[in-house]
Amino acid sequence: MKNVLYLFLAFGFSSVSFCQTTLIPDPNFEQALIDLGYDTPPIDGSVPTNNISSIFELDISNRAITDLTGIEDFGALHILNCSLNLITMLDVSGNFELGTLDCSNNQLTNLSLPNTNGNALTELRCYSNQLTSLDVSNNFELAFLECSSNQFSIIDVSNNNLLNAFYCWPCPLLADLDLTNNTALINLAVGYAPLG
(Lines give C-alpha, C1' and ligand atoms only; values in the text may rest on other atoms or scores of the structure.)
Protein backbone atom coordinates (compact mmCIF):
# COMPACT_ATOMS: atom_id res chain seq x y z
CA MET A 1 0.00 0.00 0.00
CA LYS A 2 2.84 2.34 0.89
CA ASN A 3 4.55 1.75 -2.50
CA VAL A 4 1.30 2.46 -4.35
CA LEU A 5 0.85 5.71 -2.41
CA TYR A 6 4.40 6.86 -3.23
CA LEU A 7 3.89 6.00 -6.88
CA PHE A 8 0.63 7.94 -6.94
CA LEU A 9 2.22 10.96 -5.27
CA ALA A 10 5.20 10.94 -7.64
CA PHE A 11 2.90 10.67 -10.66
CA GLY A 12 0.58 13.35 -9.26
CA PHE A 13 3.40 15.85 -8.73
CA SER A 14 4.94 15.19 -12.13
CA SER A 15 1.63 15.74 -13.90
CA VAL A 16 1.13 19.04 -12.10
CA SER A 17 4.43 20.32 -13.49
CA PHE A 18 3.34 19.42 -17.03
CA CYS A 19 -0.07 21.06 -16.69
CA GLN A 20 1.02 24.60 -15.82
CA THR A 21 -0.70 27.12 -18.07
CA THR A 22 -0.22 30.76 -19.00
CA LEU A 23 -3.26 33.00 -19.28
CA ILE A 24 -3.69 34.54 -22.74
CA PRO A 25 -6.84 36.68 -22.45
CA ASP A 26 -6.62 38.20 -25.95
CA PRO A 27 -8.20 35.73 -28.42
CA ASN A 28 -6.20 37.16 -31.33
CA PHE A 29 -2.94 36.59 -29.43
CA GLU A 30 -3.96 33.02 -28.67
CA GLN A 31 -5.02 32.45 -32.29
CA ALA A 32 -1.59 33.63 -33.40
CA LEU A 33 -0.01 31.09 -31.03
CA ILE A 34 -2.30 28.38 -32.43
CA ASP A 35 -1.36 29.35 -36.00
CA LEU A 36 2.34 29.11 -35.05
CA GLY A 37 1.84 25.66 -33.50
CA TYR A 38 2.41 26.66 -29.84
CA ASP A 39 -1.19 25.99 -28.80
CA THR A 40 -4.11 23.87 -30.00
CA PRO A 41 -7.73 24.84 -30.65
CA PRO A 42 -10.14 25.81 -29.34
CA ILE A 43 -9.35 29.28 -28.02
CA ASP A 44 -9.71 28.90 -24.26
CA GLY A 45 -7.74 31.83 -22.83
CA SER A 46 -4.60 29.86 -21.96
CA VAL A 47 -1.61 28.05 -23.41
CA PRO A 48 0.60 25.35 -21.82
CA THR A 49 3.58 27.21 -20.33
CA ASN A 50 5.97 24.46 -21.45
CA ASN A 51 5.00 25.24 -25.07
CA ILE A 52 6.16 28.87 -24.85
CA SER A 53 8.89 29.03 -22.21
CA SER A 54 11.73 28.20 -24.63
CA ILE A 55 10.62 30.21 -27.69
CA PHE A 56 13.54 32.28 -29.00
CA GLU A 57 11.75 34.37 -31.64
CA LEU A 58 8.08 35.36 -31.91
CA ASP A 59 6.52 37.26 -34.82
CA ILE A 60 2.90 38.13 -34.07
CA SER A 61 2.74 41.30 -36.16
CA ASN A 62 -0.46 42.50 -37.83
CA ARG A 63 -2.86 40.22 -35.90
CA ALA A 64 -5.29 42.81 -34.40
CA ILE A 65 -3.94 41.98 -30.92
CA THR A 66 -4.91 44.42 -28.15
CA ASP A 67 -3.39 42.70 -25.08
CA LEU A 68 -0.11 40.79 -24.72
CA THR A 69 -0.80 39.51 -21.22
CA GLY A 70 1.09 36.23 -20.95
CA ILE A 71 4.22 37.45 -22.73
CA GLU A 72 5.99 37.43 -19.34
CA ASP A 73 6.10 33.60 -19.43
CA PHE A 74 8.11 33.57 -22.69
CA GLY A 75 11.28 33.29 -20.61
CA ALA A 76 13.77 32.60 -23.41
CA LEU A 77 12.33 35.18 -25.82
CA HIS A 78 15.12 37.07 -27.58
CA ILE A 79 13.25 38.58 -30.57
CA LEU A 80 9.68 39.89 -30.38
CA ASN A 81 7.84 41.51 -33.28
CA CYS A 82 4.38 42.66 -32.19
CA SER A 83 4.17 45.60 -34.59
CA LEU A 84 1.06 46.64 -36.52
CA ASN A 85 -1.39 45.69 -33.78
CA LEU A 86 -3.75 47.59 -31.45
CA ILE A 87 -1.80 47.20 -28.20
CA THR A 88 -2.12 50.08 -25.71
CA MET A 89 0.09 48.75 -22.87
CA LEU A 90 3.11 46.47 -23.15
CA ASP A 91 5.06 45.09 -20.21
CA VAL A 92 8.19 43.12 -21.11
CA SER A 93 10.03 44.15 -17.94
CA GLY A 94 10.41 40.48 -16.95
CA ASN A 95 11.73 39.33 -20.33
CA PHE A 96 15.42 39.75 -19.48
CA GLU A 97 16.64 37.77 -22.52
CA LEU A 98 14.82 40.11 -24.92
CA GLY A 99 17.41 41.56 -27.30
CA THR A 100 15.20 42.91 -30.11
CA LEU A 101 11.75 44.42 -29.68
CA ASP A 102 9.60 45.83 -32.47
CA CYS A 103 6.35 47.20 -31.05
CA SER A 104 5.97 49.95 -33.65
CA ASN A 105 2.65 50.98 -35.18
CA ASN A 106 0.46 50.19 -32.19
CA GLN A 107 -1.47 52.47 -29.84
CA LEU A 108 0.97 52.23 -26.95
CA THR A 109 0.63 54.73 -24.13
CA ASN A 110 2.76 52.66 -21.73
CA LEU A 111 5.86 50.58 -22.47
CA SER A 112 7.74 48.84 -19.65
CA LEU A 113 11.16 47.53 -20.72
CA PRO A 114 13.57 45.17 -18.93
CA ASN A 115 15.31 47.50 -16.50
CA THR A 116 17.70 45.42 -14.44
CA ASN A 117 21.43 45.54 -14.96
CA GLY A 118 22.46 42.87 -17.43
CA ASN A 119 19.29 42.84 -19.52
CA ALA A 120 19.89 41.96 -23.16
CA LEU A 121 17.96 44.70 -25.01
CA THR A 122 20.08 46.01 -27.91
CA GLU A 123 17.44 47.03 -30.45
CA LEU A 124 14.14 48.84 -29.87
CA ARG A 125 11.61 50.01 -32.43
CA CYS A 126 8.62 51.72 -30.80
CA TYR A 127 7.81 54.35 -33.42
CA SER A 128 4.27 55.41 -34.38
CA ASN A 129 2.66 55.05 -30.97
CA GLN A 130 1.23 57.44 -28.38
CA LEU A 131 3.99 57.22 -25.78
CA THR A 132 4.37 60.28 -23.56
CA SER A 133 7.48 58.86 -21.88
CA LEU A 134 10.12 56.25 -22.62
CA ASP A 135 12.60 54.99 -20.02
CA VAL A 136 15.72 53.39 -21.54
CA SER A 137 18.02 54.52 -18.73
CA ASN A 138 18.80 50.93 -17.60
CA ASN A 139 19.17 49.46 -21.09
CA PHE A 140 22.94 49.88 -21.22
CA GLU A 141 23.40 47.53 -24.20
CA LEU A 142 20.95 49.47 -26.39
CA ALA A 143 22.59 50.18 -29.77
CA PHE A 144 19.55 50.93 -31.97
CA LEU A 145 16.57 53.07 -30.97
CA GLU A 146 13.78 54.23 -33.24
CA CYS A 147 11.10 56.08 -31.28
CA SER A 148 9.80 58.52 -33.90
CA SER A 149 6.18 59.74 -34.02
CA ASN A 150 5.40 59.64 -30.31
CA GLN A 151 4.23 62.27 -27.82
CA PHE A 152 7.15 62.70 -25.41
CA SER A 153 8.95 66.00 -24.87
CA ILE A 154 12.07 64.57 -23.20
CA ILE A 155 14.00 61.36 -23.71
CA ASP A 156 17.08 60.51 -21.67
CA VAL A 157 19.67 58.45 -23.56
CA SER A 158 22.63 59.57 -21.44
CA ASN A 159 23.20 56.03 -20.08
CA ASN A 160 23.08 54.44 -23.53
CA ASN A 161 26.78 54.77 -24.38
CA LEU A 162 26.62 52.02 -27.03
CA LEU A 163 23.84 53.75 -28.98
CA ASN A 164 24.97 54.03 -32.61
CA ALA A 165 21.60 54.61 -34.33
CA PHE A 166 18.96 56.94 -32.88
CA TYR A 167 15.86 57.97 -34.80
CA CYS A 168 13.39 60.30 -33.13
CA TRP A 169 11.97 62.09 -36.15
CA PRO A 170 9.39 63.48 -36.12
CA CYS A 171 8.65 63.96 -32.46
CA PRO A 172 6.82 67.28 -32.43
CA LEU A 173 6.94 67.72 -28.65
CA LEU A 174 10.62 66.84 -28.17
CA ALA A 175 12.20 69.89 -26.56
CA ASP A 176 15.28 68.65 -24.72
CA LEU A 177 17.91 66.14 -25.79
CA ASP A 178 21.42 65.62 -24.43
CA LEU A 179 23.69 63.47 -26.60
CA THR A 180 26.95 64.31 -24.81
CA ASN A 181 27.56 60.71 -23.65
CA ASN A 182 26.55 59.10 -26.94
CA THR A 183 29.96 59.08 -28.61
CA ALA A 184 29.19 55.89 -30.59
CA LEU A 185 26.38 57.57 -32.56
CA ILE A 186 26.71 57.11 -36.31
CA ASN A 187 23.10 57.51 -37.50
CA LEU A 188 21.00 60.29 -36.01
CA ALA A 189 17.67 61.83 -36.99
CA VAL A 190 15.93 64.03 -34.43
CA GLY A 191 13.10 66.55 -34.58
CA TYR A 192 11.53 67.42 -37.91
CA ALA A 193 14.65 67.21 -40.03
CA PRO A 194 17.49 64.68 -40.17
CA LEU A 195 20.67 65.85 -38.49
CA GLY A 196 24.23 64.83 -39.39
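1. Overall make-up. The protein chain has 3 helices and 12 strands. Helices (H or I, at least four residues) and strands (E, at least two) are DSSP runs, numbered from the N terminus. This is a predicted model, in which local features need pLDDT of at least 70, side-chain atom pairs count only at pLDDT 80 or more, and totals for chains, interfaces and linings use all residues. Residues are numbered from 1 along each chain as its sequence is written, and side-chain values use heavy atoms, with hydrogens and water left out.

2. Of the 196 residues in the protein chain, 38% count as buried. Buried means under 20% relative accessible area, exposed over 50%, and partly exposed in between (1.4 Å probe, protein chains only). Take the contacts in the protein chain with a separation of 6 or more: 15% of them come from residues 24 or more positions apart. Contact means heavy atoms within 4.5 Å.

3. Helix 2. Helix 2 covers residues 27–35, and its buried residues are F29, E30, A32, L33 and I34. Strand 2 (46–48) and strand 3 (57–59) are among what covers them. D26 caps the N-terminal end of helix 2. A side-chain oxygen of D26 lies 2.7 Å from the backbone nitrogen of N28. After helix 2 comes G37, with a positive phi near 85°.

4. Aromatic pairs. There are 2 aromatic pairs in the structure. Rings of Phe, Tyr and Trp (its six-membered ring) pair if their centres lie within 6.5 Å; planes under 30 degrees apart count as stacked, over 60 as edge-to-face and the rest as tilted. F29 and F74 make a stacked pair, 6.2 Å centre to centre with 20° between the planes. F29 sits in helix 2 and F74 in the loop between strand 3 and strand 4, so the pair ties together parts 45 residues apart in sequence. Both F29 and F74 are buried.

5. The tilted pair. The ring centres of F144 and Y167 are 5.7 Å apart and the planes are at 55°, so this pair is tilted. F144 is in strand 9 (residues 144–146) and Y167 in strand 10 (residues 165–168). The pair links distant parts of the chain, 23 residues apart. F144 is buried, with a relative accessible area of 17%. Y167 is partly exposed, at 25%.

6. S83. This residue is in the loop between strand 4 (79–81) and strand 5 (89–91). S83 is buried, with a relative accessible area of 6%. Beyond its neighbours within four places in sequence, S83 contacts S61, N62, D102, C103, S104, N105 and N106.

7. T100. Strand 6 (residues 100–102) holds T100. Leaving aside neighbours within four places in sequence, T100 is in contact with H78, I79, L80, L121 and E123. T100 and L142 are 42 residues apart in sequence, and their C-alpha atoms are 9.5 Å apart in space.

8. Largest pocket. The largest pocket has a volume of about 170 Å³. A pocket is an open set of points on a 1 Å grid over the protein atoms alone, where a 1.4 Å probe fits, with protein on both sides within 12 Å along at least five of seven lines; lining residues have an atom within 4 Å of a point. The volume is the space filled by probe spheres set on the points. The largest pocket is lined by 15 residues, and L111, S112, L113, L134 and D135 lie nearest its centre. By class, the lining has 4 nonpolar, 10 polar and 1 charged residues. Ala, Val, Leu, Ile, Met, Phe, Trp, Tyr, Cys and Pro count as nonpolar, Asp, Glu, Lys and Arg as charged, and the others, Gly among them, as polar.

Definitions and conventions: Polar contact = N/O pair within 3.5 Å; in protein donor to acceptor, adjacent residues only side chain to side chain.
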